[in-house]
Amino acid sequence: MNALDYVVLLGTMLGIALYGMWRTRGRHNLDSYLRGSGDSRWFVVGLSVMATQASAVTFLSTPGQGFASGLGFIQIYFGMPIALIIIAAVFLPIYRRLNVVTAYEYLGQRFDTKARLLGAAIFLLQRGLGAGITIYAPAIVLSTVFGWPLDATIVCSGLVVIAYTVSGGSDAVNVTQKYQIGVIFAGMLAACIVLLHKLPAGLGLHDALTLAGGMHKLQAVNFSTDPRERYTLWSGVLGATFLMLAYFGTDQSQVQRYISGASLRESRLGLMFNAVFKIPMQFFILSLGVLLFLFYQFEKPPVYFNQVEWKHQAEHGDAGRLQAIETDFAAAHDRERQHLETWLNARRTGDSTAEATARAAVSAAHEQVETVRAQAEMAVDPTGKKKDTDYVFITFILDYLPHGIIGLLVATFFAAALSAKAAELNALGSATTVDIYRHVIKRQASDAHYLAASKWFTVFWGLVSISFALSATLAENLIQAVNIIGSIFYPVMLGLFVVGFFLRRIGGTAVFWGALATQVLVIFLYFRLNISYLWYNLIGCAACVLFSSILQAWLGPGNNSTSALAKP
Amino acid sequence: MNLPDDTTAGSSGVTPASADSDHCKTGLPLLRTWRAVYVFVLAAFALWVGLLIALSRMFS
């Protein structure tokens, strides 16, 4: 990064922060801090929902996922349109009529206090762990840009996020997100244009697609019925529908976004906006990863994309071994590039025999490249848990984009990280204040007292997420890690709401113990079964409904602490 | 687990969800009912999946 990049970076970040503070000045009551002012139009609601989900993790990690595994990850979003329709038609009208601040208030009104506390506790546990993972994203950017140690950057970026959230609250998140998402897309588009421009001359669109397809990067839809395969059409449509239903319908960080709509219409249209545009948006981001893959077939990438870690190992570990790996990688990559050029020439001359031979040679050479990269991963971390795919896109940005755009994109990632983390911490603070502190610990206090408490809880959860990030070793690609944690806890939460909405005869005691039993079952199955994590969303929700029904039948109809009013 | 009773349980004056929510106007020129909006969203979803399947098949 040069001086121009720093000017763009600081200007963009300061502009966003100051605008957020200016727009939310004078809004100091608890309700607007927690829920926003409730006057958001559908477009703001839609962008806010999109930006909360499409955090820096999405923009940093998803191209890396496309680079490593191609387009297949898009299938996780197949459940989203169906889930958002169900939420718009069923969940949303109930939340708005009950005028809830948190989704878990519904559980209190429909069942009883213990069901509400269980829902809030599951959310806090799940989202608290998730916040610990998503805080990695801005830290990765800082670490790569400035060459700082990852731990120091986690602490620095975490403290900035806490200050931003506490000073602005939900409204600051809402009013700046629409601009942040604009910056994000401008940056991604710029990266895409530069990437296309830097592909070898003569490599047409059809050649590029054939090449990517030949290396299994364009398998967007997988019809396999093997439950062990992570992303298939079936796990996407069935399992991911329940994941998205739980995330958008019961996770306070999302519910908080769309209940801030000025009316039911605005909230619904905001959700439908996401239902239509999320899949093309993710397709674009994953395609960027595939383009990166193609680009790095012709330009030699680093053998290990996390260069800070690689250099650290070279300085403090076996430098000779790393040097040997780099030499092997350069040779393997050069061989692959030569075979690729032979293949492209054969295509141009129409020599099908030479084309088939060269294509087989490309596959073999690519396997060699991947073998050396695996050796590099093992050299950095002998357990093989540390992955470098999250560093692919940021490495490209820093190495190949023009100055000015680098600053813009780094600002983009920061802005996305800031808004998503702010939304997350704001939701954690809200749920702790409203569902636990105000409901159980201190029932009668002033609005100012609860507002202060909410801010302190936000600080508390910010520190928890920093601590978790410092102690955890990230084994998965970021975007997958977030979804895996969600798939362990969300099914139970969704089960609570599904029972509440659709099974009128089941009361608080039955659903509480049914949900607890389900949580134990899901955690047990996760460690015992080898199936795609998406299926746990379906299994867990179904188990919660089943266990609750059985328990209610055993308890009898008289033992039914249910409000007949808080039902759809 | 012995928790205090929820004082709000049963006190919420909620009417059935479909009373006005499904009948409120979408305000959209062609999609005037929410059902039409949902059908449109599902059609867009089907179109995207179809295009992705075609891409997978063409370049596998």
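## Helices, domains and core of a predicted model

Helix α5(A) is mostly covered, with 16 of its 19 residues buried. Buried means 20 or more other C-beta atoms within 10 Å of the residue's own, exposed means 12 or fewer, and partly exposed lies in between; C-beta atoms are placed from the backbone. Helices are DSSP runs of H or I with at least four residues, strands are E runs of at least two, and both are numbered from the N terminus.

This is a predicted model: local features need pLDDT of at least 70, side-chain atom pairs count only at pLDDT 80 or more, and totals for chains, interfaces and linings use all residues. Residues are numbered from 1 along each chain as its sequence is written, while chains are lettered from A and ligands numbered from 1 in the order in which they are written.

| Helix | Residues | Length | Span | Expected span |
|---|---|---|---|---|
| α5(A) | 80–98 | 19 residues | 25 Å | 27 Å |
| α22(A) | 535–555 | 21 residues | 30 Å | 30 Å |

The expected span is 1.5 Å times one less than the number of residues. α5(A) bends by about 40° at I87(A). That bend is the angle between axes fitted to the seven residues ending there and the seven starting there. Just after α5(A), N99(A) has a positive phi of about 55°. G556(A) follows α22(A), also with a positive phi, near 95°.

Buried residues of α22(A) include W535(A), Y536(A), F547(A) and Q552(A). Their cover includes α11 (233–250), α20 (478–502) and α21 (508–528) of chain A.

### Domains

Chain A is assigned domain 1 (3–296 + 396–555) and domain 2 (307–385). The bounds come from an automatic or database domain assignment. The two C-alpha centres lie 35 Å apart. Domain 1 of chain A gives 9 residues to the contact and domain 2 gives 6. Contact means C-beta atoms, placed from the backbone, within 7 Å. On the domain 1 side, α8 (136–146) and α10 (205–214) of chain A each give two or more residues.

### The core

Which residues touch the most other members of the largest nonpolar core? They are L84(A), Y95(A), M493(A) and L496(A), in a core of 186 residues. Such a core is a set of buried Ala, Val, Leu, Ile, Met, Phe, Trp, Tyr and Cys residues joined through C-beta atoms within 7 Å. Helix α18 (405–441) of chain A gives the most, with 21 residues. Both domains of chain A supply at least three residues each.

Beyond its neighbours within four places in sequence, L84(A) contacts F248(A), L271(A), M272(A), N274(A) and A275(A).

### Chain B

Chain B has 1 helix and 0 strands. Of its 60 residues, 20% count as buried.

How values were computed. Contact = placed C-beta atoms within 7 Å.
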